[in-house]
Amino acid sequence: MPFKVVILISGRGSNLKSLIAKAKNYQITAVISNNSVAPGLQYATEAKIEGLGFCPGNASSLAVHKQAIYQAINKKSPDLIVLAGFMQILEKAFVEQHQGKIVNIHPSLLPEFKGLDTHKKALQLYHRSGKKKSLHGCTVHFVDFKIDNGPIIAQSVCMIKPSDTEALLADKVLQLEHRLFPWVVNEIAAQNICYKSGKIVFNKQIPGQAEKLGFLVYQ
Ligand code: GRF
């Protein structure tokens, strides 16, 4: 039985592209967007994966729009729901229903810089601290009821350089995301990373593997 993954996006879809290219242990059964014109949907089309875009303007309210998305996800009975640049807040009941089965990628070293403008905030802190706070990166975590919160699975780190602009930093972190996210999803699919009662359990080979790849995991 394949490990079934549904990927949620809202825009560009570069993480989706790398999740498609690097799928080893999982099958992407649908790509769903809360934005019917998300450019990322093209990657689903190219890979012959079902892609569904939900136009908010077609729903009578945001609640109805969200319910349509949740129905489409549930119809696929996914083993894992992957938020790859999904910019809509999930309803508590949906998160509750899928606890331990939703992962998100965030462009900062959580718990630092939740929310938007993470690269700008990291650069500001870098300059404010006299270039001492020079670590930045991305985090993959299980989703809980708060935004950009929940047990951290793994992180990938880069150094901020004096020449970095917000755009350069964003690009640097995005390259890290494209390696980290498929690795995590493949390992969850292989059951080497598991969610048990709010905690993450790593198979014993995971820390060594993460170290070789330059990723951080916390035991
Ligand atoms: C990424 O930076 C991701 O960390 C954040 O949203 C962005 C999505 O980029 N959650 P893309 O659509 O995957 O290119």
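A polar contact, as I use it here, is a pair of N or O atoms within 3.5 Å; within protein, one must be able to donate a hydrogen and the other to accept it, and residues adjacent in sequence count only if both atoms are side-chain atoms. The structure is a predicted model, where local features need pLDDT of at least 70, side-chain atom pairs count only at pLDDT 80 or more, and totals for chains, interfaces and linings use all residues. Residues are numbered from 1 along each chain as its sequence is written, and side-chain values use heavy atoms, with hydrogens and water left out.

I start with Asn-15. Its side chain makes a polar contact with the side chain of Glu-177, at 2.9 Å. Asn-15 sits in helix H1; helices here are DSSP runs of H or I with at least four residues, strands are runs of E with at least two, and both are numbered from the N terminus. Is Asn-15 buried or exposed? It is buried, with a relative accessible area of 7%. Buried means under 20% relative accessible area, exposed means over 50%, and partly exposed is in between, with a 1.4 Å probe and protein chains only.

Now the ligand. Which residues surround it? They are Arg-12, Gly-13, Ser-14, Asn-15, Gly-85, Ile-105, His-106, Pro-107 and Glu-177, where near means that a heavy atom of the residue lies within 4 Å. Two of these shell residues are nonpolar, five polar and two charged. In that count, Ala, Val, Leu, Ile, Met, Phe, Trp, Tyr, Cys and Pro are nonpolar, Asp, Glu, Lys and Arg are charged, and the others, Gly among them, are polar. Helix H1 (14-21) and strand S5 (102-106) each supply at least two residues of the shell.

For the individual distances, a side-chain N or O atom of Ser-14 is 2.5 Å from an oxygen atom of the ligand. At Asn-15, a backbone N or O atom lies 2.9 Å from a ligand oxygen atom. At Ile-105, a polar backbone atom is 3.0 Å from a nitrogen atom of the ligand. The ligand has 360 Å² of accessible area on its own, and the protein covers 86% of that; areas come from the Shrake-Rupley method with a 1.4 Å probe, and for residues only the protein chains shown count as cover.

Next, some backbone details. Most residues other than glycine have a negative phi, and most peptide bonds are trans. Leu-110 and Pro-111 are joined by a cis peptide bond, with omega about 10°. Pro-111 is in the loop between S5 and helix H5 (118-128).

Gln-191 is not a glycine, but has a positive phi of about 60°. This residue lies in the loop between helix H6 (166-189) and strand S8 (193-196), and counts as exposed at 57% relative accessibility. Ser-197, also not a glycine, has a positive phi of about 45°. Ser-197 is in the loop between S8 and strand S9 (199-202), and is exposed at 77% relative accessibility.

Last, two pairs that are separated in sequence. Ser-10 is in the loop between strand S1 (3-9) and H1, and is buried at 10%. Leu-174 and Gly-137 are 37 residues apart in sequence and 8.7 Å apart in space, C-alpha to C-alpha.
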